[in-house]
Amino acid sequence: HRLLQESWAKVEKDMEQYAVRWFVVGLQNVPAALDLFDFKDAQDLSRNKWLRLHAMMAFRLIGRVVENIHDPTDILDEVREVGRTHRNFQLSDEVFDTFGGNLVQVLREGLGASVWNEELDRVWKETFELIALEMLRGGEEKAKSGGKGCRNLEETWKIIEQDLHGSGAKLIMRLLEVEPTALQFFPFKHANNVSADDEEVRGHGRLIIQMFGRAVRNQNNLARLDPELKAVGKMHEKLHMDGSLFAKAGDALLWLLKTEWAQKRWDQEGKAWEDLVGFVVKGLAGGMRKASDPVALANS
(Lines give C-alpha, C1' and ligand atoms only; values in the text may rest on other atoms or scores of the structure.)
Protein backbone atom coordinates (compact mmCIF):
# COMPACT_ATOMS: atom_id res chain seq x y z
CA HIS A 1 0.00 0.00 0.00
CA ARG A 2 2.80 2.39 0.86
CA LEU A 3 4.57 1.87 -2.48
CA LEU A 4 1.29 2.26 -4.35
CA GLN A 5 0.34 5.51 -2.64
CA GLU A 6 3.83 6.98 -2.86
CA SER A 7 3.91 6.35 -6.60
CA TRP A 8 0.42 7.85 -6.99
CA ALA A 9 1.59 11.00 -5.22
CA LYS A 10 4.21 11.43 -7.95
CA VAL A 11 1.72 10.67 -10.75
CA GLU A 12 -0.86 13.07 -9.32
CA LYS A 13 1.45 16.03 -9.90
CA ASP A 14 1.07 15.54 -13.66
CA MET A 15 -2.20 13.64 -13.71
CA GLU A 16 -3.63 14.94 -16.96
CA GLN A 17 -0.55 13.97 -18.97
CA TYR A 18 -0.66 10.42 -17.58
CA ALA A 19 -4.43 10.13 -18.02
CA VAL A 20 -4.47 11.27 -21.64
CA ARG A 21 -1.47 9.14 -22.58
CA TRP A 22 -3.11 6.08 -20.97
CA PHE A 23 -6.40 6.60 -22.78
CA VAL A 24 -4.86 7.32 -26.19
CA VAL A 25 -2.60 4.25 -26.02
CA GLY A 26 -5.53 2.12 -24.88
CA LEU A 27 -7.74 3.19 -27.77
CA GLN A 28 -4.90 2.66 -30.23
CA ASN A 29 -4.51 -0.90 -28.97
CA VAL A 30 -8.27 -1.62 -28.96
CA PRO A 31 -9.55 0.38 -31.98
CA ALA A 32 -13.05 -1.11 -31.72
CA ALA A 33 -13.51 0.62 -28.35
CA LEU A 34 -13.15 4.01 -30.02
CA ASP A 35 -16.58 3.55 -31.63
CA LEU A 36 -18.13 3.81 -28.16
CA PHE A 37 -17.11 7.46 -27.81
CA ASP A 38 -18.39 10.74 -29.24
CA PHE A 39 -14.84 11.72 -30.17
CA LYS A 40 -14.32 8.67 -32.42
CA ASP A 41 -13.80 10.88 -35.49
CA ALA A 42 -11.33 13.27 -33.85
CA GLN A 43 -8.21 13.99 -35.92
CA ASP A 44 -5.92 14.23 -32.88
CA LEU A 45 -7.17 12.21 -29.94
CA SER A 46 -4.61 13.57 -27.51
CA ARG A 47 -5.88 17.12 -28.03
CA ASN A 48 -9.59 16.34 -28.07
CA LYS A 49 -11.34 17.98 -25.12
CA TRP A 50 -13.85 15.13 -24.72
CA LEU A 51 -11.18 12.45 -24.56
CA ARG A 52 -9.20 14.52 -22.07
CA LEU A 53 -12.27 14.98 -19.87
CA HIS A 54 -13.21 11.29 -20.00
CA ALA A 55 -9.62 10.22 -19.34
CA MET A 56 -9.37 12.52 -16.33
CA MET A 57 -12.62 11.24 -14.85
CA ALA A 58 -11.42 7.65 -15.22
CA PHE A 59 -7.99 8.46 -13.82
CA ARG A 60 -9.45 10.31 -10.83
CA LEU A 61 -11.48 7.21 -10.01
CA ILE A 62 -8.29 5.14 -10.04
CA GLY A 63 -6.71 7.73 -7.77
CA ARG A 64 -9.58 7.53 -5.28
CA VAL A 65 -9.19 3.76 -5.16
CA VAL A 66 -5.46 4.14 -4.44
CA GLU A 67 -6.09 6.78 -1.77
CA ASN A 68 -8.63 4.52 -0.03
CA ILE A 69 -6.87 1.21 -0.59
CA HIS A 70 -6.57 0.58 3.17
CA ASP A 71 -10.38 0.57 3.47
CA PRO A 72 -11.83 0.44 -0.06
CA THR A 73 -15.41 -0.57 0.81
CA ASP A 74 -17.08 2.74 -0.07
CA ILE A 75 -14.94 3.54 -3.09
CA LEU A 76 -15.52 0.06 -4.55
CA ASP A 77 -19.26 0.74 -4.31
CA GLU A 78 -18.58 3.72 -6.58
CA VAL A 79 -16.51 1.55 -8.93
CA ARG A 80 -19.36 -0.97 -9.19
CA GLU A 81 -21.73 1.90 -9.97
CA VAL A 82 -19.45 2.96 -12.83
CA GLY A 83 -19.61 -0.65 -14.02
CA ARG A 84 -23.39 -0.52 -13.97
CA THR A 85 -23.46 2.64 -16.08
CA HIS A 86 -21.06 1.01 -18.58
CA ARG A 87 -23.05 -2.22 -18.85
CA ASN A 88 -24.85 -1.07 -22.00
CA PHE A 89 -21.50 -0.72 -23.80
CA GLN A 90 -20.77 -4.44 -23.30
CA LEU A 91 -17.09 -3.90 -22.57
CA SER A 92 -15.11 -7.09 -23.11
CA ASP A 93 -12.43 -8.63 -20.93
CA GLU A 94 -10.01 -7.68 -23.72
CA VAL A 95 -10.73 -3.99 -23.17
CA PHE A 96 -10.07 -4.24 -19.44
CA ASP A 97 -6.95 -6.37 -19.92
CA THR A 98 -5.55 -3.98 -22.52
CA PHE A 99 -6.26 -0.82 -20.55
CA GLY A 100 -4.81 -2.43 -17.44
CA GLY A 101 -1.62 -3.35 -19.24
CA ASN A 102 -1.40 0.09 -20.80
CA LEU A 103 -1.85 1.76 -17.42
CA VAL A 104 1.16 -0.10 -16.04
CA GLN A 105 3.15 0.70 -19.19
CA VAL A 106 2.38 4.43 -19.04
CA LEU A 107 3.17 4.61 -15.32
CA ARG A 108 6.41 2.67 -15.77
CA GLU A 109 7.56 4.94 -18.58
CA GLY A 110 6.55 8.09 -16.76
CA LEU A 111 8.01 7.28 -13.36
CA GLY A 112 11.21 5.80 -14.78
CA ALA A 113 13.62 3.12 -13.66
CA SER A 114 14.64 5.06 -10.55
CA VAL A 115 11.14 4.61 -9.12
CA TRP A 116 9.66 1.58 -10.87
CA ASN A 117 10.48 -1.93 -9.73
CA GLU A 118 8.97 -5.41 -9.76
CA GLU A 119 7.02 -4.87 -6.55
CA LEU A 120 5.47 -1.64 -7.83
CA ASP A 121 4.64 -3.37 -11.09
CA ARG A 122 2.82 -6.10 -9.17
CA VAL A 123 0.78 -3.81 -6.89
CA TRP A 124 -0.37 -1.61 -9.76
CA LYS A 125 -1.47 -4.66 -11.77
CA GLU A 126 -3.36 -5.95 -8.74
CA THR A 127 -5.00 -2.58 -8.19
CA PHE A 128 -6.29 -2.31 -11.75
CA GLU A 129 -7.43 -5.94 -11.68
CA LEU A 130 -9.45 -5.08 -8.56
CA ILE A 131 -11.04 -2.09 -10.31
CA ALA A 132 -11.83 -4.12 -13.43
CA LEU A 133 -13.31 -6.96 -11.36
CA GLU A 134 -15.58 -4.60 -9.44
CA MET A 135 -16.70 -2.80 -12.63
CA LEU A 136 -17.58 -6.14 -14.22
CA ARG A 137 -19.38 -7.16 -11.03
CA GLY A 138 -21.40 -3.96 -11.14
CA GLY A 139 -22.35 -4.67 -14.74
CA GLU A 140 -23.43 -8.19 -13.81
CA GLU A 141 -25.56 -6.85 -10.95
CA LYS A 142 -27.33 -4.52 -13.37
CA ALA A 143 -27.96 -7.39 -15.80
CA LYS A 144 -29.40 -9.60 -13.05
CA SER A 145 -31.64 -6.82 -11.75
CA GLY A 146 -32.86 -5.89 -15.22
CA GLY A 147 -31.15 -2.51 -14.81
CA LYS A 148 -33.25 -1.52 -11.80
CA GLY A 149 -31.67 0.74 -9.23
CA CYS A 150 -33.14 2.72 -6.37
CA ARG A 151 -36.90 2.62 -6.45
CA ASN A 152 -38.03 6.22 -5.96
CA LEU A 153 -36.79 7.90 -9.14
CA GLU A 154 -35.54 4.99 -11.21
CA GLU A 155 -38.58 4.76 -13.49
CA THR A 156 -38.20 8.38 -14.53
CA TRP A 157 -34.46 7.95 -15.04
CA LYS A 158 -35.17 5.04 -17.40
CA ILE A 159 -37.08 7.45 -19.65
CA ILE A 160 -34.15 9.90 -19.66
CA GLU A 161 -31.59 7.13 -20.15
CA GLN A 162 -33.24 5.87 -23.35
CA ASP A 163 -31.57 8.78 -25.16
CA LEU A 164 -28.84 10.33 -23.04
CA HIS A 165 -27.57 12.51 -25.87
CA GLY A 166 -31.03 13.81 -26.68
CA SER A 167 -31.93 14.37 -23.04
CA GLY A 168 -28.64 16.16 -22.42
CA ALA A 169 -29.21 18.38 -25.45
CA LYS A 170 -32.65 19.33 -24.15
CA LEU A 171 -31.06 20.29 -20.82
CA ILE A 172 -28.52 22.57 -22.47
CA MET A 173 -31.08 24.15 -24.77
CA ARG A 174 -33.34 24.90 -21.80
CA LEU A 175 -30.42 26.45 -19.92
CA LEU A 176 -29.58 28.66 -22.91
CA GLU A 177 -33.25 29.61 -23.26
CA VAL A 178 -33.42 31.04 -19.73
CA GLU A 179 -29.78 32.23 -19.65
CA PRO A 180 -28.58 33.07 -23.19
CA THR A 181 -25.31 34.54 -21.90
CA ALA A 182 -24.27 31.06 -20.78
CA LEU A 183 -23.46 30.22 -24.40
CA GLN A 184 -20.12 32.03 -24.17
CA PHE A 185 -18.82 29.36 -21.78
CA PHE A 186 -19.51 26.34 -23.99
CA PRO A 187 -17.23 24.85 -26.68
CA PHE A 188 -19.91 25.43 -29.33
CA LYS A 189 -20.17 29.16 -28.58
CA HIS A 190 -19.11 30.13 -32.11
CA ALA A 191 -21.69 27.96 -33.85
CA ASN A 192 -23.93 29.86 -36.25
CA ASN A 193 -27.05 28.09 -35.09
CA VAL A 194 -26.90 26.15 -31.83
CA SER A 195 -29.49 23.39 -31.78
CA ALA A 196 -30.32 20.15 -30.00
CA ASP A 197 -29.08 18.29 -33.12
CA ASP A 198 -25.54 19.65 -32.82
CA GLU A 199 -23.10 16.88 -31.89
CA GLU A 200 -21.14 19.04 -29.47
CA VAL A 201 -24.34 20.09 -27.71
CA ARG A 202 -25.44 16.47 -27.46
CA GLY A 203 -22.05 15.26 -26.27
CA HIS A 204 -21.66 17.89 -23.59
CA GLY A 205 -25.26 17.48 -22.51
CA ARG A 206 -24.76 13.76 -22.05
CA LEU A 207 -21.83 14.33 -19.70
CA ILE A 208 -23.87 16.76 -17.60
CA ILE A 209 -26.97 14.64 -17.34
CA GLN A 210 -25.02 11.48 -16.51
CA MET A 211 -23.85 13.11 -13.29
CA PHE A 212 -27.47 13.35 -12.21
CA GLY A 213 -28.02 9.76 -13.30
CA ARG A 214 -25.28 8.57 -10.98
CA ALA A 215 -27.00 10.46 -8.19
CA VAL A 216 -30.28 8.66 -8.97
CA ARG A 217 -28.57 5.29 -8.71
CA ASN A 218 -26.92 6.28 -5.44
CA GLN A 219 -29.84 8.15 -3.86
CA ASN A 220 -29.69 5.95 -0.75
CA ASN A 221 -26.08 7.00 -0.14
CA LEU A 222 -25.41 10.25 -1.98
CA ALA A 223 -22.40 11.04 0.19
CA ARG A 224 -20.30 8.55 -1.75
CA LEU A 225 -20.63 10.78 -4.84
CA ASP A 226 -19.35 13.89 -3.10
CA PRO A 227 -15.64 13.36 -3.99
CA GLU A 228 -16.50 12.87 -7.66
CA LEU A 229 -18.71 15.96 -7.76
CA LYS A 230 -16.05 18.08 -6.07
CA ALA A 231 -13.45 16.80 -8.56
CA VAL A 232 -15.64 17.81 -11.51
CA GLY A 233 -16.30 21.19 -9.90
CA LYS A 234 -12.58 21.76 -9.47
CA MET A 235 -12.00 21.00 -13.16
CA HIS A 236 -14.28 23.94 -13.99
CA GLU A 237 -12.67 26.34 -11.54
CA LYS A 238 -10.40 27.95 -14.12
CA LEU A 239 -13.30 29.22 -16.23
CA HIS A 240 -14.28 32.08 -13.86
CA MET A 241 -17.93 32.06 -14.79
CA ASP A 242 -20.98 33.42 -13.02
CA GLY A 243 -21.58 31.23 -9.99
CA SER A 244 -25.32 31.14 -10.54
CA LEU A 245 -24.98 28.90 -13.61
CA PHE A 246 -24.66 25.73 -11.53
CA ALA A 247 -28.03 26.40 -9.95
CA LYS A 248 -29.55 27.47 -13.27
CA ALA A 249 -28.47 24.22 -14.88
CA GLY A 250 -30.17 22.41 -12.01
CA ASP A 251 -33.30 24.51 -12.47
CA ALA A 252 -33.31 23.65 -16.18
CA LEU A 253 -33.25 19.95 -15.33
CA LEU A 254 -36.06 20.33 -12.80
CA TRP A 255 -38.16 22.19 -15.37
CA LEU A 256 -37.73 19.35 -17.87
CA LEU A 257 -38.59 16.79 -15.24
CA LYS A 258 -41.72 18.66 -14.16
CA THR A 259 -43.00 19.43 -17.66
CA GLU A 260 -41.93 16.30 -19.51
CA TRP A 261 -40.03 13.37 -18.04
CA ALA A 262 -41.73 13.15 -14.63
CA GLN A 263 -44.85 15.17 -15.41
CA LYS A 264 -47.33 12.47 -14.39
CA ARG A 265 -45.44 11.62 -11.20
CA TRP A 266 -44.30 15.07 -10.15
CA ASP A 267 -46.58 15.25 -7.10
CA GLN A 268 -44.96 12.08 -5.78
CA GLU A 269 -41.39 12.64 -7.01
CA GLY A 270 -40.94 16.41 -7.11
CA LYS A 271 -39.48 16.90 -3.64
CA ALA A 272 -37.08 13.97 -4.07
CA TRP A 273 -35.86 15.36 -7.41
CA GLU A 274 -35.38 18.83 -5.93
CA ASP A 275 -33.31 17.38 -3.07
CA LEU A 276 -31.21 15.24 -5.41
CA VAL A 277 -30.52 18.05 -7.88
CA GLY A 278 -29.69 20.36 -4.99
CA PHE A 279 -27.15 17.86 -3.67
CA VAL A 280 -25.42 17.58 -7.07
CA VAL A 281 -25.28 21.36 -7.51
CA LYS A 282 -23.90 21.83 -3.99
CA GLY A 283 -21.30 19.10 -4.55
CA LEU A 284 -20.09 20.66 -7.78
CA ALA A 285 -19.83 24.05 -6.10
CA GLY A 286 -17.95 22.47 -3.21
CA GLY A 287 -15.10 21.61 -5.55
CA MET A 288 -14.31 25.26 -6.04
CA ARG A 289 -11.79 27.11 -3.89
CA LYS A 290 -14.52 29.66 -3.29
CA ALA A 291 -17.53 27.52 -2.52
CA SER A 292 -19.64 30.66 -2.41
CA ASP A 293 -18.85 31.30 -6.07
CA PRO A 294 -19.67 28.03 -7.89
CA VAL A 295 -18.69 27.65 -11.50
CA ALA A 296 -21.05 26.58 -14.26
CA LEU A 297 -21.39 23.31 -16.03
CA ALA A 298 -19.46 24.11 -19.15
CA ASN A 299 -16.45 23.39 -21.27
CA SER A 300 -13.48 21.81 -19.54
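The protein has twelve helices and zero strands, and the model you are looking at is a predicted one. Keep it open while you work through the exercises.

**Exercise 1. Work out how the chain is organised: what pattern does the protein follow along the sequence, and what share of its residues is buried?**

Step 1. Going along the sequence, the pattern reads α-α-α-α-α-α-α-α-α-α-α-α.

Step 2. Now turn to burial: of the 300 residues, 50% count as buried.

Step 3. Finally, look at contacts in the protein with a separation of 6 or more: residues 24 or more positions apart account for 75% of them.

**Exercise 2. Find which residues of helix α1 are buried, and decide how they are arranged around the helix axis.**

Step 1. Helix α1 covers residues 2-12, and Leu 4, Ser 7, Trp 8 and Val 11 are buried there.

Step 2. Look down the axis of α1: the buried residues fall within an arc of 105°, so they line one face of the helix.

**Exercise 3. Describe how helices α3 and α9 pack: which way do they run relative to each other, and which residues make the contact?**

Step 1. Start with the geometry. The axes of α3 (residues 49-67) and α9 (residues 199-217) come within 11 Å and cross at roughly 15°.

Step 2. Angles under 35 degrees count as roughly parallel, and α3 and α9 are therefore roughly parallel to each other. The crossing of these two helices is left-handed.

Step 3. On the α3 side, the contact is made by Lys 49, Trp 50, Leu 53 and Met 57, and α9 supplies Glu 200, Gly 203, His 204, Leu 207 and Arg 214.

Step 4. Sorted by class, the residues of the contact between α3 and α9 are four nonpolar, two polar and three charged.

**Exercise 4. Helix α12 packs with α10 and with α11. What is the orientation of α12 to α10, and what is its orientation to α11?**

Step 1. Take α10 (residues 226-235) and α12 (residues 266-286): their axes come within 6 Å and cross at roughly 55°. The two helices are therefore oblique to each other.

Step 2. Asp 226, Leu 229, Lys 230, Val 232 and Gly 233 of α10 make this contact with Phe 279, Val 280, Gly 283, Leu 284 and Gly 286 of α12. By class, there are five nonpolar, three polar and two charged residues.

Step 3. Next comes α11 (residues 244-261), which packs with α12 at an angle of about 160°, with the axes 10 Å apart. Angles over 145 degrees count as roughly antiparallel, and α11 and α12 are therefore roughly antiparallel to each other.

Step 4. The residues of α11 that meet α12 include Phe 246, Leu 253 and Leu 257, and their partners in α12 include Trp 266, Trp 273 and Val 277. The class count for the contact of α11 with α12 is eleven nonpolar, one polar and two charged.

Step 5. Compare the handedness: the crossing of α10 and α12 is right-handed, and the crossing of α11 and α12 is right-handed.

**Exercise 5. Sort three residues by burial: is Arg 174 buried or exposed, is Asn 218 buried or exposed, and is Lys 282 buried or exposed?**

Step 1. Arg 174, in helix α8 (residues 164-178), counts as buried at 15% relative accessibility. Beyond its neighbours within four places in sequence, Arg 174 is in contact with Ala 252, Trp 255 and Leu 256.

Step 2. Asn 218 sits in the loop between α9 and α10 and counts as buried at 3% relative accessibility. Its C-alpha atom is separated by 8.8 Å from that of Glu 78, 140 residues apart along the chain.

Step 3. Lys 282, in helix α12, is exposed, with a relative accessible area of 67%. The C-alpha atoms of Lys 282 and Gly 233 are separated by 9.6 Å.

Definitions and conventions. Residues numbered from 1 in each chain as written. Predicted model: local features only at pLDDT ≥ 70, side-chain atom pairs only at ≥ 80, totals over all residues. Heavy atoms only, no water. Axes fitted to C-alpha atoms, helices over the stretch in contact; angles between N-to-C directions. Helix = DSSP H or I, 4+ residues; strand = E, 2+ residues; numbered from the N terminus. Parallel < 35°, antiparallel > 145°, perpendicular 65-115°, else oblique. Left-handed = near helix turned anticlockwise from the far one by under 90°. Contact = heavy atoms within 4.5 Å. Nonpolar A, V, L, I, M, F, W, Y, C, P; charged D, E, K, R; others polar. Buried < 20%, exposed > 50% of the residue type's maximum accessible area, 1.4 Å probe, protein only. Arc of directions from axis to C-beta.
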